Amino acid sequence: MRFQDAARDARAVVYAGIQADPLVARLATLAADASYGQRLLARAVMNGESTESETWRRIFPSVLGAGAPDPERAEAILAASLEVAERGEQVRSQFRGAFVESLAQVLVARRAGAAAVRRERRVLFDGVAAEIHPYDLTVEAAGREETWDCKWGARGINADVLNQLDDARRHAADEEHALRVGLVVFDVRTSCAVRLSQQTAPRQGTAVVTLETLDALAGRKPTPA
Amino acid sequence: MSDETAGGLGSAGAVPGSPDPARAGGLLATALAALEVLSELGETIEDEWTYVTKLAEMGRARLNASVPDAGALVPAETAAAIDALANEAGRITDPHRAIDWLSTLPAIAELALGGGTAGAAPRPGTGRA
């Protein structure tokens, strides 16, 4: 088993510009230490219609109201999420995807070490054709290899993604490597469970990290609401 | 669903003659009505019909569970939160975005109603990192 940079097509070059936008990194850094409620706020605002902050203050009194914990972070998340929401629909969608990848990278790096975490990499196995799509995130440390795909919503869970992850896990096992594979989904657990229940692709060996369990990526317990 | 039970988007279940606080049952009706609007919009994506109907079913269950006492009085800010949430849901016109909101609305309502910690949420079968 070995890792390799993915060839960059035109789409990847454009997307790389989104990934490198400072707003993506700012949001990811904020969300990495956010509570469940603050992360839910980020999801709602980036997916919402309203771009007036007052609307969101009314909807999230326990996150943005008087006496809410960590108000500076909550306000910063609101501001950054509104910046994403104010973009056009297509750009907004790309930002959301890049944000989840960046957030996963920050969290996984806390557990695995930043040097071991890579983006947009393929995993190659002897005698096996390479997958077309690279993995969003890999951990490339001897004996602790991991591959992760990142999704904004539960609707991103599909047979192709599950099959690719499971194939990688099985091919690694064939080479006597224990490759950890998983999905990071910035959506609530119940929606992911519903989506997974409709899939026939193998998923028993695939970890699914949801909005409620993101902190597990960093090797820590969830932050309270 | 009748008008009486649906409450209507943005009604927030206010007690007649006394706009705040509101009854939890009224807020629940408002949130459920918003969920139905999103569900109907999401169902127009034919390939996602099964997912949407199941998601709506889970959402209704989650909302009902978040209001154990429909007669309980709730703070004015909670009523305002559910009201604003329903209004925001009512602004959605894109069916794809409606599906995303169908996923998120019950969790936000639960948070506004005083529940919804990450550790307390149900665990219906997803794996762990």
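Helices here are DSSP runs of H or I with at least four residues, strands are runs of E with at least two, and both are numbered from the N terminus. This is a predicted model, where local features need pLDDT of at least 70, side-chain atom pairs count only at pLDDT 80 or more, and totals for chains, interfaces and linings use all residues. Residues are numbered from 1 along each chain as its sequence is written, while chains are lettered from A and ligands numbered from 1 in the order in which they are written.

**A covered helix in chain A**

- Helix α3 of chain A (residues 36-47) has 12 residues and reaches 17 Å from first C-alpha to last, close to the expected 16 Å; the expected span is 1.5 Å times one less than the number of residues.
- As for burial, 12 of the 12 residues of α3(A) are buried (20 or more other C-beta atoms within 10 Å of a residue's own; 12 or fewer is exposed, in between is partly exposed, and C-beta atoms are placed from the backbone).

- Six strands form an open sheet in the order β1-β2-β3-β4-β5-β6, with mixed pairing (two strands pair if DSSP finds at least two bridges between them).
- At the edges sit β1 (2-5) and β6 (206-209) of chain A, each pairing on one side only.
- Neighbouring strands are turned by 45° against each other on average, direction ignored; axes are lines fitted to C-alpha atoms, for helices over the stretch in contact, and angles run from 0 to 180 degrees between N-to-C directions.
- Helix α7 of chain A (residues 89-112) packs on this sheet and touches β2 (117-124), β3 (135-139), β4 (146-151) and β5, with its direction at about 5° to that of β3(A); a contact means C-beta atoms, placed from the backbone, within 7 Å.

**Strand pairs, one by one**

- β1(A) and β2(A) run antiparallel over four bridges, and A:Asp5 has A:Arg121 as its bridge partner in β2(A).
- β2(A) and β3(A) are also antiparallel, with four bridges; here A:Arg118 partners A:Thr138.
- β4(A) and β5(A) run parallel, joined by six bridges, and A:Trp148 stands opposite A:Gly182 of β5(A).
- β5(A) (residues 180-185) and β6(A) are parallel too, with four bridges, among them a pairing of A:Leu183 with A:Val208.
- β5(A) is mostly covered, with five of its six residues buried.

**Chain B**

- Chain B has five helices and three strands, laid out along the sequence as α-β-β-α-α-β-α-α.
- Of its 129 residues, 49% count as buried.
- Among chain B contacts between residues at least 6 apart in sequence, 73% join residues at least 24 apart.
- Helix α2 of chain B (residues 24-42) has 19 residues and reaches 27 Å from first C-alpha to last, close to the expected 27 Å.
- Since 14 of the 19 residues of α2(B) are buried, the helix is largely enclosed by the rest of the structure.

- A:Thr190, A:Ser191, A:Val194 and A:Arg195 make the contact from α9(A), and B:Tyr51, B:Lys54, B:Leu55, B:Met58 and B:Arg62 from α3(B).
- By class, that is four nonpolar, two polar and three charged residues (Ala, Val, Leu, Ile, Met, Phe, Trp, Tyr, Cys and Pro are nonpolar, Asp, Glu, Lys and Arg charged, and the others, Gly among them, polar).

Terms used: Two residues are in contact if their C-beta atoms, placed from the backbone, lie within 7 Å.
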